[in-house]
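Hi there,

Here is the structure I promised to pass on. Have a look at it first, and my notes follow below.

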Number of protein chains: 2
Amino acid sequence: MALVVQKYGGSSLESPERIRRVAERIVETKKQGNDVVVVCSAMGDTTDELLEMAEQVNPVPPAREMDMLLTAGERISNALVAMAIESFGAKAQSFTGSQAGVLTTERHGNARIVDVTPGRVRQALDNGKICLVAGFQGVNRETKDVTTLGRGGSDATAVAIAAALEADVCEIYSDVDGVYTADPRIVKNAKKLDTISFEEMLEMAAVGAKVLMLRSVEYARAFNVPLRVRSSYSTDIGTLVSGSVEDIPMEEAVLTGVAQDRSEAKITVQGIPDNPGEAAKVFRAVADAEINIDMVLQNISRLESNKTDITFTCPRADGPRAVQLLTAMKDANGWSSVLYDDQIGKVSLVGAGMKSHPGVTADFCEALRDTGVNIELISTSEIRISVLIRDTDVDTAVAALHERFQLGGDEEATVYAGTGR
Amino acid sequence: MALVVQKYGGSSLESPERIRRVAERIVETKKQGNDVVVVCSAMGDTTDELLEMAEQVNPVPPAREMDMLLTAGERISNALVAMAIESFGAKAQSFTGSQAGVLTTERHGNARIVDVTPGRVRQALDNGKICLVAGFQGVNRETKDVTTLGRGGSDATAVAIAAALEADVCEIYSDVDGVYTADPRIVKNAKKLDTISFEEMLEMAAVGAKVLMLRSVEYARAFNVPLRVRSSYSTDIGTLVSGSVEDIPMEEAVLTGVAQDRSEAKITVQGIPDNPGEAAKVFRAVADAEINIDMVLQNISRLESNKTDITFTCPRADGPRAVQLLTAMKDANGWSSVLYDDQIGKVSLVGAGMKSHPGVTADFCEALRDTGVNIELISTSEIRISVLIRDTDVDTAVAALHERFQLGGDEEATVYAGTGR
């Protein structure tokens, strides 16, 4: 008998009818002899509706009350799923984040899980019950106030509960049936992966694959909780995320997939004196404004001027603010100009196979060149290559890379294809 | 500085705009130098919408999950009101029933408050905050599960919190601006009462006045918490419910008002052997089915047969079930028949003045006779007369009694009128 944690997203729970179908699946899992813990997001658009009402009563709502408000959404979906489960003849019990022992940091709206003490859930499981745990929420240690976990919070709840209960697998249900070699909306023959290592999934999530949030994968990797990405609309077994890239035998190492990200902007500070500490001034100013930096490029300094340029990318939403604060620092630091460009996109190739196939970077660049896409910036990790290009070129680049590395689902895709991993 | 508890009903909170108006009133009360605790019902139709979804996922939803579901409604309204208050520059903090220390019995869906330990609320008040407490909900002592308090639960929460905090007054806001001498929809010149004693209010609530639920008045009386019934749509000071009928000087004792109730049905068991214990069989059977009985009439037995009839009223919703179970008992007990009538209505006159004005019952019956209304059953208490009549006669009877006892708002209404009490 296994212990299975299942997490269902809002689109899987958008109507009473969908809730009944999810309940049927949960009861089926229980009948197969498993202990089952279920984490639910809020139904469909509930969270957006609550946010809109909050906006109407107070455009700058206090964070503590916002958490109290939003957590109602998961209470509703949880209770409804529990009721639906009982209508199929199984026993169910729902728990709020607090009741399930999800303890978090103090920060409202974006708390982090610090511990899970699932004593009550364990007891209910031992009594043969299916346990429902409200996702996205916890209780902070200091004031015992209700907190929310920010974006991807329900996935984080599921993984944390799975880790605390030492579950055999944590299944993440949404409207996609697994992790693909590329966005199927861009690449027609994108192929679903059967398995992917934690590191590869981390890289994919970090560079734009939306199927899993980075934090859940990090948490799952840290506690070695196998994740299975599945669709609640099909019986497809999905993609298993588990194991280390180190465990992949060299000759089986492959390329995992291509991902794109259009959410960033590029900022260039020109004419920075090439002295120690000058670059740090730029990044300290941006960091103090709580703006995350992704890719960074520092050109070699021009000999005649002993000055250099620094280019970095950050979320588009934060771009104008970053430009404003850097422009204000320009004269005092002797910089010549601050340039802004939000018409860019990032395309990345991820895969453990890179380590053992030295030609990948060359192939990557040639594939883009052959299709007329200009590379503005390159950044790499051991198992990833990312480039910054014009945002209008993103689809072309994704398709070209997917094709060049034969990641697609046809018979020829054997060299780098993700099957079997 | 006073401590004021305010309770707002669902219709006062049905939209973000209404919520902002309620918040303005709350902040105004705070600015006048009062400590303020607010209890909110769920917004508008939220509870009905949740009930409908529950019905769709499970026609017989488990009670524990139903409570988890329904309490989300008060969390939402509470958080939104807290946000709105902060937008007006005051500090607010919301509490779930559990956080506010509302401890209840175990019974889901209809729990009773057994204790309130409002330590956290008191502390927040001392820090200058306006406290919001989610109505209708608590946490049970045994399993720490969320419970709901059944009909009138938010009023009960408000009164219990007021009692625990020793508040100076508990204001109950709804869409009516006080307690009237009769339903203004039936009687045009019905008059709002300035004050009414707990006992009179209890009788009024018991016989159909919907402005306050019986249990809240009982609780307020037991803990001597003055209630003020007010409208959230006006600045009218409303009706103060306080004090004992014993405290009313004899010469000021008056009649309070007329109330009607169309929610009952009448059941008659005919031909019951007139022996000790026979009547008890009827009432035990009905009680065991958890059906509440209101009025009871046992005729004197007919000498020739030594048999008697018993007539009682119960909620219409339970009527068919009561008839079914009594009919099943008929033959074994030698009863001759079980009759059912749901075309009845109850009209009552309430007032401390009855004690000192011996002619009230005679006047009551004459008033109905003069307007052609037939009385089927009479029941009285020290300060109330109730009669059962055809439901089509209810409006006529209410108007006739209101007129006969001069309860209206014109200048002549001095003898029995409720002013000044």
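A salt bridge here means a side-chain nitrogen of Lys or Arg within 4 Å of a carboxyl oxygen of Asp or Glu. By that rule there are 49 salt bridges over all chains of this predicted model. One of them joins the side chains of A:Lys192 and A:Asp236, with 3.1 Å from N to O. This pair ties together distant parts of the chain, 44 residues apart. A:Lys192 sits in the loop between β9 (169-174) and β10 (195-196) of chain A, and A:Asp236 in the loop between β11 (227-231) and β12 (239-241).

Charge also turns up in another form on the surface. A patch of negative charge there brings together A:Glu14, A:Asp45, A:Asp48, A:Glu49, A:Glu52, A:Glu55 and A:Asp175. Of these, A:Glu52 belongs to helix α2 (residues 46-57) of chain A.

On the overall layout, chain A is assigned domain 1 (3-175) and domain 2 (247-421). Their C-alpha centres are 36 Å apart.

Best wishes

Conventions
Residues numbered from 1 in each chain as written. Chains lettered and ligands numbered in written order. Predicted model: local features only at pLDDT ≥ 70, side-chain atom pairs only at ≥ 80, totals over all residues. Heavy atoms only, no water. Patch = residues over 30% accessible without salt bridge, like charges linked within 9 Å, V, L, I, M, F, W, Y side chains within 5 Å. Areas by Shrake-Rupley, 256 points an atom, 1.4 Å probe, with all protein chains shown as cover. Lys, Arg positive; Asp, Glu negative; His and termini not counted. Charge placed at Lys NZ, Arg CZ, Asp CG, Glu CD. Helix = DSSP H or I, 4+ residues; strand = E, 2+ residues; numbered from the N terminus. Domains from an automatic or database assignment.
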